[in-house]
Each structure stands twice: as structure tokens, then as C-alpha cells.
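Subject: Structure handover

Hello,

Here is the structure I said I would pass on. My notes on it follow below.

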There are 2 protein chains.
Amino acid sequence: MSSSNAIGDSTVIQQRNLVEQVADYLTQAIISQKFAPGERLSEVQLARDLGVSRAPVREAARLLESRGLLVSQPRRGFFVRALDAAELNDIFDLRLCLERHAMARLVGDFDADKEGALRRQVEVMCEVAAGDNESRKIEEDLVFHRMVIAFAGNRRLLKAFDDITHELRLCIALIGKTHADPDSISTSHWLLLDALASGEPGRCREAIDYHIGVARDYVVQGIGETVA
Amino acid sequence: MSSSNAIGDSTVIQQRNLVEQVADYLTQAIISQKFAPGERLSEVQLARDLGVSRAPVREAARLLESRGLLVSQPRRGFFVRALDAAELNDIFDLRLCLERHAMARLVGDFDADKEGALRRQVEVMCEVAAGDNESRKIEEDLVFHRMVIAFAGNRRLLKAFDDITHELRLCIALIGKTHADPDSISTSHWLLLDALASGEPGRCREAIDYHIGVARDYVVQGIGETVA
DNA sequence: GTTCGCCAAACTGTCGACAGTCGACAGATT
DNA sequence: AATCTGTCGACTGTCGACAGTTTGGCGAAC
């Protein structure tokens, strides 16, 4: 495995699709704010920097466009997606829509296996929350929510969630920090688990509404500070 | 000036790039069953047939992949998406999830303008339902549901709906016919309108659950007959 | 008759190149 | 001084070509 930050250092990269590698590089660069929101990306320059031709760069860019990390203007090229407060609200509203549905579907056939798996994941999140690896916290959080949706049994629903996952990473990265309080994260997720274990759809809905609402308010407030 | 970027009244100079044209061609070919589900598509052959090079064909294929009309296997190429009953169920379940949410959001600020627009669309659907242009029926139906979601005011939600729209067209085309009874279509949509106009979230949910449920059962049953 | 291995054909992944188009800048004009 | 216009540079859209891989068929071995 070669270094992850640069693709075309000195060794030529093989085997894995160039498209995927370029896509990973671009994703990382966008998430880590190496490219500013709204910045224009030149295909030729990217190809030069990464030591590949324009074809894989174009395909990777199109892939990231479909994931909402880039936007393209005809004959002008690709730009890093810039999110405003309204778009952010929409994303979290859609997330709420998907997770509500998943919780409702899941509470119907919740069992010990699923509960155990989710419980272990929350424990992992608690461990990570103590440290200062911010991106790891985000990823483990997303893993939990993805598990909930996966357990709901609708693969197309899971795909829809994966689609907005990249946008979630982007907007969380934009405000530069996760939830301030580590305890609040864990308790919030324990509440989701309790609601599922209770078997009551009403409690599930309350729990997920509260959970997503807090996350949305936090991010929207954060983006407001960033802009202002 | 009334038309600064237009020549004449409605003729806008727009040179559609080859990618879009190829994408449209492929979409039409897939929807109209010109390509069988699961069939492998050769980039070179498509390029030859369409008189273009492989680059636009590849990009168009990638676009259709992101829309769920094609699937790609590394180093093997693109295949026409084949849907089974389970995937079909998942798609309609996700559609229900999205439309429920949109109805709930929309019923909050439903007004005469929106009601009028939706009413006119249903009337268009009634006119079309009398004829035998099947694809037109499907399109006008989708227009109605898209309007509902657009009126809900969440653009990301609308994008999620647009994403599954292509898959909906595909699976409706697979069973080869729309709802048998023209009257049932119109009444079913009038019910949705009445529910929205009533302002009661409960009635909205009932109406959309019934509406999508009927459509799903119809399609799932249809695909069962096709396979069996 | 079946299975394995090899070979040729076709295909995908990637590359470099060309042409048309867009935006910026300098010069001309009012 | 401000605006219009012509030119220039850079970039995207598209193309044809090459290399490595996959595929399907044919023949040999069991």
C-alpha cells in the first residue's frame, strides 16, 4: 500500500482502478478543506498533479458530482460543492425522513442479535469519543446509523442513505468539529437503542426526531457562525 | 428586452453535448426494452452505432449507472439493470417514505395556488388516461407526484425522488402496462388532493399509503407474472 | 464424454492530441 | 471615465490508439 495522500508520487499506481483512487483523493481533499468550497478544479492540472491522464480524472469528478461533492457547469468544469444553510436543512430533513422510516420498519422485527450489534457499536463510539480523532468519531457515528438502516432490510433505502452520507461528511467537515460533549453523543444513541428495544413506534419516532434535530441545529448553527 | 439570450421567441441556442444525447438514447432504449434486462452493452459497438467515440458513451453509461438503469462490473463493462421482486418492493417502499414525508411537510402550508396547480395536473392526467399513449400516462402521473414533492420545499428530497424516478420508469416499463382502469387513476389522485386540502396529516398519510400501496402491488404482481 | 488448458478475438482502462468554446484583458470608441 | 469590441490564452468536449485483461471456443488429455 502506497502513501495515501499522494497518488502519483514516483511509483506508478497499479491494479486498483485509477478512477477510484482519484475519487478517494478528491474526496479526502474536499472533506479536509484542501480545496475551498466553490473552488474551480482544473482537469489538466489535477491530472498533472496526480500523474494520470484526464480520462480517470473526469470519471472520478463525475462520480463525485453524483455524490454531491462537486458540481459541474457545462464547458466550465467542476467546482467544489458549497453548501448554504438552506441546503443543509434540506439534507438533514431528508436524513430524518430516511431514518424515521428505517426505525419504523426495524422496530417491527427487532431482536437480540441486532440489539447486540448496535450496542457494541455504541460502545465503540464511546471509546472513540474519549479521544480527539474527530473524523473517527464522525465515521463511527455514521456506522451506527448505517447499521440501523441496514437492519431495516431495504437495500434501496440504504443506498439513499449512503448517497447523503458523503454530503453529511462534507457539511460536518465544514463546521470543523463534532458535537462538543462526548457524553451527549453516547446518551443520545442509547436513547435510540432503548426506543427500538421498547418496541413502541411512537418512542422510536420521538427518539430519532430529537436525535436528528439536535444534529441539524448544531450543524446549521455551526455553518451560520462560519459564514458570519 | 424580452429575450436577451434567446433567438426569436423560444429558440434558444443550446448545443446539447453528446453525453446527454447518448444518455437519452440509452435511456429510451432501456425503457423501451430494446435492450433486454441483464444484457451486456459494448462500448465500442454503441459508439459505432451512434457514430461517436467511446468517451461520450462511457460518460453516458456512468450517468445511467448512477441513475440505476445500468450496473457496471470492473473490466467487464455495463449491463442493463435487472430488477427482481425484492428490489421492486424496496423501490416502492422508499418512494412511500419520500412521499409520506413530502405530504406531511406540504399539508402544513397548503394553499389555493398549489391546490389549483395540482388540480390542473390531475385534469391533464384524466385527459391522457382516455387515450392509449401509455408512456404519456406514466409521465403525467410522475409529474403530479413530482409537483407534490416540489411543493414540499425540500430540494434535496426532490432530488432523491428524481433519482428513483428513472428506476420507477424502468420497472413500470418492465410490466408493460399502466393501471388497467383509467378511472381508478384519477379517483386515486383526487383522494390525494382532498386529503391535502383537508389539512389533516392523518388523512394525507392514509391517502398516500393507499396510493403507493396499490401501485406497488400492481407492479410487483406484474413482475411476478412476467417472470413466471 | 468430460474436463482442463491454451489461443485468438474482443473489450475495457488509459493515454495523448486536436478543435471548439469560454473568460479575461487590452485597446478602441463615445 | 465608462463601455464596447477584438484578441489571446486556457480549458473542456471529443477523438483515435495502445496495452492489458477477459471471454469464448477449440483441441488435447483423462
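A backbone N or O atom of Ser53(B) sits 2.7 Å from a phosphate oxygen of DNA strand D. Please keep in mind that this is a predicted model.

For Leu18(B), a polar backbone atom is at 2.6 Å; for Glu43(A), a backbone N or O atom is at 3.4 Å.

In total, 21 residues surround DNA strand D, and Arg54(A), Arg58(A), Leu18(B), Ser53(B) and Arg76(B) are the closest. By type, the residues of this surface are 10 charged, 7 nonpolar and 4 polar.

At least two residues each come from β1, α2 (43-50) and α3 of chain A, and from α1 (18-31) and α3 (54-66) of chain B. The largest share, 3 residues, is that of α3(B).

As for the fold of chain A, there is an open sheet of 3 strands, ordered β1-β3-β2, with antiparallel pairing. Its edge strands, β1 (40-41) and β2 (70-73), each pair on one side only. Between β2(A) and β3(A) (residues 77-80) there are 4 bridges, and Ser72(A) stands opposite Phe78(A) of β3(A). Helix α3 (residues 54-66) of chain A packs on this sheet, where it touches β2 and β3; the helix direction makes about 115° with that of β2(A).

Regards

Note on methods:
Residues numbered from 1 in each chain as written. Chains lettered and ligands numbered in written order. Predicted model: local features only at pLDDT ≥ 70, side-chain atom pairs only at ≥ 80, totals over all residues. Heavy atoms only, no water. Pairing = 2+ DSSP bridges. Contact = heavy atoms within 4.5 Å. Axes fitted to C-alpha atoms, helices over the stretch in contact; angles between N-to-C directions. Near = heavy atom within 4 Å. Polar contact = N/O pair within 3.5 Å; in protein donor to acceptor, adjacent residues only side chain to side chain. Nonpolar A, V, L, I, M, F, W, Y, C, P; charged D, E, K, R; others polar.
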